[in-house]
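Hello,

Here is the structure I promised to pass on. Please open it first, then read my notes below.

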Amino acid sequence: MSQFDYGIVKNPEIFAVSRMNAHSDHVYYGSKEALEIRENEFRYNLNGFWKFHYAKNYANTVKGFEQEDYDCRAWDDIRVPAHIQLEGYDKPQYVDSQYPWDGREEKKPGEIPERFNPVASYVKYFHVPEQMKGKRLFISFQGAESGLALWMNGKFVGYSEDTFTPSEFELTDYVKEGENKLAVQVFKWTSGSWCEDQDFYRFSGIFRDVYLFTIPDIHIWDMDVRTLLDDAYENAVLTVDLKASACGCVKLTLKKQNDIFYEEELALKENSHFEISVKQPELWSAETPALYDLLLEVFGKEGEKGEVILHKVGFRRFELKDGIMQLNGKRIVFKGVNRHEFSSVTGRYVSEDELRKDLMTMKQHNINAIRTCHYPDASLIYQLCDEYGFYLIDEANLESHGLWNDSGRHEKKIEEIVPGDRPEWHDMMIDRVNSMYQRDKNHPCILIWSCGNESFGGRNIFDMSQFLREHDPNRLVHYEGVMYDRRYNDTSDIESQMYIPVARIKEYLANDRSKPFISCEYTHAMGNSCGAMHKYTDLTEEEPLYQGGFIWDYIDQTLYKKDRYGKEFQAYGGDFGDRPTNYRFSANGIVYGGERDISPKMQEVKFNYQNISAKVEKEQVTVINKNLFVNTNTFDCIVTVQRNGREIKRYSMETDTAPLSEKTYTLPAAPESRPGEYVITVSFLLKEDTLWAKKGHEVAFGQGVYTVAEEEKKCTCPVEVIDGDFNIGVRGETFDVLFSVLDGGLVSYRYGGVEMIEAIPKPNFWRAPVDNDYGNYMPIRYAQWKIASLYLSHRDYLQKKTYKPRLEEKENSAVITFTYVLPTMPTATCDLSYEVFGDGRIKTTLSYVPVKELGDMPEFGVIFKFDADYEYVEWYGNGPAETYEDRKHGAKLGIYKNKVCDNMAKYIVPQECGNKTGVRCAKVTNRKGRGILFTSDEMNFSALPYTPHELENAAHPFELPEVHYTVVRVSKMQMGIAGDNSWGYPTHPEYCIPTDKKLEFTFSFQGI
């Protein structure tokens, strides 16, 4: 094709014109010295400023801009790589399954929007670098979204689609002496965009690196390296297949550090196959990512210099054996996450620093697997996953969710689905898996190829899977969508389903054991989520065919934006005026956007994914080693003993538990006899620094608790009761309290002469809904409990009755009880009782006899308001991160401190957060150390700057009001936050508040 025809952008059968064949991602250098310092004479970086023109559609582009004599120097400048939407053109748009043009233009698959379909025109003026002159010249675009047309000095060079794999073209016939003009048009939506309906922000432009490259006279175009282990997993054959530009010779050297295992100079043909026997290589795994250096020194027939290639080799064997996925002969469990390539600063162009932070964070929290959702990532991640040790599902660029999963307004027909069985989409699909496979095939971290995501089924996807099997019999093929279309069930070697509850996984495997099962997406991490995750990880130990899952997802897809006052915040779908949009659904991460810091959910993930379990009892610990290849003696084992939260002893303990085994050890410390609560913590720590953490980093822990009883101390200080007409007062030596008959509650608590409370404490049955609550309609189902919390009263409006407080005087205390009427249908009541002791302690009891018709409630407790100066929090309970009934397994029982503001988790939409379970005592104080102490046998506790109702009313953190109070909630229980998915599944019943009998909650508070 000598001229560009815009019609190809709309034609699914044309997705590449004059694009070079896909090949492995190996990097070549001119010499070993150049390799050592990473100075590559064969590459020239074109990143930087390019000339730029934006048009909202093709009709508004500058015609002829690509011509050599058309001067574009007056155009705007734009950075490359970058999304144009983050450089001031167009705007980011977040949609999930719906297509971004839905409701704006009516289009059928293959057709593309015409009214609004931005076209980015780029121009780069450059001189060919001196070292590249006289050689064949090529250009590589590592990623452009979503279609790219290229001209050089006015002549059409080629065209390419597939946003997420390289597009490379030869420029040799178009280059000239002096200044050259490179012109590119990038089309936001092409026919291929029907296969790029992923759940992500919709961007466009040249968003990955661009570089020129040349090749030496003899060059390795492609290499295919495989490690074939014998059936005993002891010895291996390393096969190396090379495609060369000419015949010559190659010197192969295999070494690890200073040990050379093979070295030989061999004849090189245009297609060469070499085999190297390796005795007892150290095997690669996520636990022990052992890599060997394969050095290729390439020369011409006469010995002239060619190139030098260094490739990292990991010896490992992945297979389906006896119906179970195994790595090096061991059953593997994927403790994974789905990871979008995403930065709050640069969108899908992620810096190396950001990428390394991701991988280090994952390793530190026991994540061992990544699914590249739902496209191939930039090349660097595969290299780093080889080094850090991760198992990857590498996924092809395919999702057509919006064509088959709709709102129900229109009937969807199988024959209309893309790619389905439609022949016009077949070659594009094969091209996409081929581009992924050829580039990434040599990375040991990749265990599984995936054909894409949520694109239903059909012949085309089956053929994609067959292509992968034919080219790579040493990996498995994954595709989740066959569960919707079983016509080609063999598309996937693995039964893969998403967001299916554990009970249904068990049910499925009870009836069909033909394939191993994974959850390719599970425990949807939207907002305050990941409740009951432990049920899935427990299942991996109970059911051999269930081999783990991948959390959705790793990072919140949020972008920096400024509010009307110029303050930065993390923006989500809809914040850019983008419509249609799926709003907050862009934020599902276990790390926040922005600085990529961990969210409280990560505490639970780390525990559930840990490879060592410690079942701690009073005198012994049973260590269960779930590692496949690592003995526990490779870690330091530390035992600590705390009494009432304070550490009193610390020991080192030797362990020697082999992989996949368990062993019981006697603890080094005898049980304590002094009264108190004792917590024994057994921790496993890194013995040495690693790539991803320093020595001493904790990889696993277990805790055990026992109590030595002590006699209850009774208060003997007298109290004075003042039984007034409108108020009941109680006084002691250092305090006085006032209960109002008219206002119906505790209106004053002065301790040491200082008023402590800012509002009447009230029964509370509500929490600010979390994202999962909205998804399962909790606010609708439980709405009466919000009304009850806001508008309960000691007056019964319907019966024209006022409940007077009841006073009972005891020897050294006084009990004042209020009855509150709840504005529910039917009407209910609850009692809040205060027993005031002479030392200023107030024992408080909330009681409620359940009304069957009302069901359970989100929370059962009492809410307080204190002055915001009480901003320091200390608690003895679960921590350090927030915990909930269904997300507390990863917490440690101990004493923790922070500030009230620290308990506001950075969820992208304000919602319930900061709760602490298992709290024995907690206090909020000012900077002088004065405040209130709360105690209970065990309670939920939170201290936040806002009430639940203020949190609920804000769609962004900047919408929250100015801080005036410290709001403390103490409760018997709060319902779990759920998380099987965020669009229907409720909190599991065992994590809801039981209402089959009377509810009663007792705690005490006292001034400090």
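**What was found**

Strand β17 gives the largest share of the lining of the largest cavity, four residues. Strands here are DSSP runs of E with at least two residues, helices are runs of H or I with at least four residues, and both are numbered from the N terminus.

First, some ground rules. This is a predicted model, in which local features need pLDDT of at least 70 and side-chain atom pairs count only at pLDDT 80 or more, while totals for chains, interfaces and linings use all residues. Residues are numbered from 1 along each chain as its sequence is written, and side-chain values use heavy atoms, with hydrogens and water left out.

**Cavities**

A cavity is a set of points, on a 1 Å grid over the protein atoms alone, where a 1.4 Å probe fits but cannot get out; lining residues have an atom within 4 Å of a point. Grid points are joined across faces, edges and corners, and a volume is the space filled by probe spheres set on the points.

The count is six cavities of 30 Å³ or more. The largest cavity holds about 190 Å³ of space. Its lining has 17 residues, and V225, R226, T227, R316 and R475 lie nearest the centre. β17 (220–229) and β23 (305–313) each supply at least two residues of this lining. By class, the lining has four nonpolar, six polar and seven charged residues. Here Ala, Val, Leu, Ile, Met, Phe, Trp, Tyr, Cys and Pro count as nonpolar, Asp, Glu, Lys and Arg as charged, and the others, Gly among them, as polar.

The second largest cavity has a volume of about 110 Å³. Among the residues that line it are Y99, W101, K188, W189 and F203. This lining divides into six nonpolar, two polar and four charged residues.

**Two sheets**

Two strands pair if DSSP finds at least two bridges between them.

β39 (635–643) and β42 (676–686) pair over nine bridges. In this pair, I638 stands opposite S683 of β42.

Another open sheet of four strands runs β3-β16-β8-β12, again with antiparallel pairing. β3 (43–45) and β12 (167–170) are its edge strands. Within this sheet, β8 (137–141) and β16 (210–214) pair over five bridges. L137 stands opposite T214 in β16.

**A helix pair**

Helices α2 (352–364) and α3 (380–388) pack at about 35°, with their axes 11 Å apart. Axes are lines fitted to C-alpha atoms, for helices over the stretch in contact, and angles run from 0 to 180 degrees between N-to-C directions. Which residues of α2 meet α3? They are E352, L355, R356, L359, M360 and K363, and they meet L380, I381, L384, C385 and Y388 (contact means heavy atoms within 4.5 Å).

**Backbone details**

The peptide bond from W552 to D553 is cis, with omega near -15°. D553 is in the loop between β34 (546–551) and β35 (559–562). Another cis peptide bond joins M825 and P826, with omega about 0°. P826 lies in the loop between β53 (813–822) and β54 (828–837). Y777 is a residue other than glycine with a positive phi, near 65°.

Best wishes

Note on methods. On a 1 Å grid over the protein atoms alone, a cavity is a set of points where a 1.4 Å probe fits but cannot get out, and a pocket is an open set with protein on both sides within 12 Å along at least five of seven lines; lining residues have an atom within 4 Å of a point.
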